[in-house]
Amino acid sequence: MAEYKGVMIIAEAANDKLVNISGELLGCARKLAAELGEEVSAVLLGDRVAGFANELIALGADKVYVAEDAQLKDYQTATYVAVMEKLVKETSPRILLMGQTAMGRDLAPRLAFRLGTAATTDCIDLALSPDTKFLLMTKPVYGGNARAVFTTDLFPQMATIRQKAMSPLPADTTRQGQVIPVSVTIDPAQIKTKYLGKVKEEVAGIKLEDAQTVVAGGRGIGGPEGFKQLEELAKVLKAAVGASRPPCDNNWVPATIQVGLTGKIVTPELYIAVGISGASQHLAGCSGAKTIVAINKDPEANIFKEARFGVVGDWKQVLPAFTAKVKELLAG
Amino acid sequence: MNIIVCCKQVLDPEAPPASFKIDAAANKVLPPQGVPPVVSPFDEQAVEAALRLKDKLGAKVTVLSLGNNLVRDVVKKPLSMGADELILLEDPAFDGGDSWSTAFALAQAIKKIGQYDIIFCGRQAADWDAGMVGSGIAELLGIPSVTIAKKVEIVDGKAKVDRVVSDGFETVEVMLPALITVSNELGEPRYATLKGIMAAAKKKPIVWGPADIGVNTAQVGSSGRRQRLVKLFQPVREGKCEIMKGETPAEAGTNLALKLREVKVI
């Protein structure tokens with residue numbers, strides 16, 4: 001039986017750039033590899049992705065495996081699982097990490113079952129057991145109400161990592177590494193899915209994931225009209241607008257601005273929660289904010305346990321005065 | 001058309017966070033007082049996805065629930081919504097499983113059921129939030145899977161699925177039989193009707209144990225786990241919220257802005 005060695009990460013690229021999770025995975029992988037005395041490798045899968053290899057080396061990869069094929073241009077479960085299964089069997093990584101992203105959420109479970117190993121998803125912390133060096137994987141459970149630490153004695157030890165949970169290393173262009181092309185042989189008869197296309201539903205303006213300030217609304221906003229007031233405040237603060245799940249489920253706002261356990265994870269300097277009760281599933285998405293401010297008419301609302309500052313009152317009466325004062329203070 | 005929906009009974013995720021307590025010695029969550037369990041919310045959406053196809057094309061919808069001491073009122077809810085049949089995998093041996101041992105048991109049960117065109121699952125369960133059982137069942141059955149669906153249609157004998165991605169959605173066509181996991185973007189699950197509740201009350205669930213699905217107890221539940229739970233804990237919440245006051249809500253709003261300026265947050 002092959003000996004399992006090394007920490008392997010699956011990088012992601014979109015819109016001609018590496019997605020931030022790639023650097024975060026490498027930062028995490030380097031720490032684990034240092035403790036193990038082993039190497040870090042990164043995998044690129046796609047159509048024309050070889051160009052990202054040097055950047056991955058600068059961010060911490062010792063080896064970059066490049067799997068290029070027209071059939072890999074758009075993510076599909078069957079094609080990516082097939083390529084990764086072959087690569088893992090040939091390279092026997094001890095640890096295999098990917099992001100808790102649209103791709104990782106789909107790829108990790110199927111690949112883990114294919115390989116006969118166990119995966120833990122949405123990890124916010126990884127450590128190595130002092131005696132066995134098995135991965136200790138910490139993740140939020142029960143909607144974010146609790147944390148669980150999981151382990152396994154199967155290989156490769158697989159985990160998906162929550163976005164923004166780990167830090168990338170500064171890019172070091174003097175780092176050396178190997179780029180290894182991977183031959184891709186996918187039998188089309190084995191692929192029972194067909195990618196038909198993508199529809200973008202993004203809102204204009206500042207992206208939630210990158211914003212320094214976020215103004216978010218919840219069920220208490222009552223309808224799409226109320227969100228116009230939040231947009232006004234957001235404009236003044238140069239902020240992005242977010243929402244908890246009920247406004248998205250009710251189609252008051254697009255689902256792409258949902259902040260939470262199954263939505264966006266945001267880590268702004270300032271998060272203003274208006275008419276949001278603060279259910280754990282929502283807090284899972286915004287508790288990384290430096291300062292949380294809450295406006296809610298319910299003094300018992302759970303959001304006040306996470307917020308640093310707040311007002312107990314009807315947002316329809318509180319917000320206009322708040323926005324006006326903020327405008328005045330920022331102008332002066 | 002034959003559709004199977006996997007539904008899990010869980011502690012109510014809408015129970016107030018203050019009622020959430022852990023038994024640290026047992027690494028278990030204590031069921032909140034006076035709050036009954038529910039069908040995991042994404043699984044209800046999976047039932048909704050199945051019923052929409054039943055409305056449009058006609059189908060037999062079989063619901064499959066695995067666990068121990070399943071509350072009949074809870075696990076029968078999909079029947080009240082309009083599902084046709086309920087099969088329970090109920091036995092202490094099924095308790096305490098991870099994604100592997102749970103998917104294994106469910107896949108064996110589905111093999112025993114035999115006929116299916118689509119298997120629907122919720123994208124993740126409201127307790128462990130792992131999101132792996134659906135894909136695992138598909139892998140064990142050797143069928144294609146599409147996850148995090150917001151829309152499912154049948155076109156030319158194949159499923160056309162819109163799946164949620166971070167900046168919108170992707171459309172994937174998949175040959176049947178297939179497994180599809182469902183997300184809340186699909187829309188609100190329908191309410192149980194009075195007629196549905198009365199019909200469900202009369203239906204007796206089929207109950208299977210490990211022997212009925214050809215597994216031994218070592219392969220399922222906590223005995224069959226591939227992933228071990230080391231520790232379960234609640235993160236400590238520090239910090240207090242400073243509530244800004246005022247004669248009127250508007251004044252409080254003004255004071256809030258002034259405070260944020262004072263501490264240089266804005």
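Two strands count as paired if DSSP finds at least two bridges between them. The strands themselves (E, at least two residues) and the helices (H or I, at least four) are DSSP runs, numbered from the N terminus. This is a predicted model, in which local features need pLDDT of at least 70 and side-chain atom pairs count only at pLDDT 80 or more, while totals for chains, interfaces and linings use all residues. Residues are numbered from 1 along each chain as its sequence is written, and chains are lettered from A and ligands numbered from 1 in the order in which they are written.

**View 1. A six-stranded open sheet takes strands from chain A and chain B.** Reading across, the order is S15(A)-S14(A)-S16(A)-S17(A)-S18(A)-S15(B), and the pairing is parallel. At the edges stand S15 (240–243) of chain A and S15 of chain B, each pairing on one side only. S14 (residues 213–217) of chain A runs parallel to S15(A), with four bridges joining them; look for Val214(A) opposite Ala240(A).

View 2. Five bridges link S10 (residues 146–151) of chain A to S14(B), and Thr151(A) faces Arg228(B).

**View 3. Chain B meets chain A through 67 of its residues, with 69 residues from chain A.** Contact means that C-beta atoms, placed from the backbone, lie within 7 Å. On the chain B side, H7(B) gives the largest share, eleven residues. That side divides into 37 nonpolar, 15 polar and 15 charged residues; Ala, Val, Leu, Ile, Met, Phe, Trp, Tyr, Cys and Pro count as nonpolar, Asp, Glu, Lys and Arg as charged, and the others, Gly among them, as polar. Seven bridges pair S13 (residues 193–200) of chain A with S11(B) in the antiparallel sense, and Val199(A) has Phe169(B) as its bridge partner.

**View 4. Strand S1 (residues 2–6) of chain B is largely enclosed by the rest of the structure, because four of its five residues are buried.** Buried means 20 or more other C-beta atoms within 10 Å of a residue's own, with C-beta atoms placed from the backbone. S1(B) pairs in parallel with S6 (residues 60–67) of chain B over five bridges, where Ile3(B) partners Val61(B). Four bridges join S1(B) to S8 (residues 118–122) of chain B, also parallel, and here Val5(B) partners Phe120(B). Not counting residues up to four places away in sequence, Phe120(B) touches several residues, including Ala46(B), Ile180(B) and Val182(B).

How values were computed. Two residues are in contact if their C-beta atoms, placed from the backbone, lie within 7 Å. A residue is buried if 20 or more other C-beta atoms lie within 10 Å of its own, exposed if 12 or fewer, and partly exposed in between; C-beta atoms are placed from the backbone.
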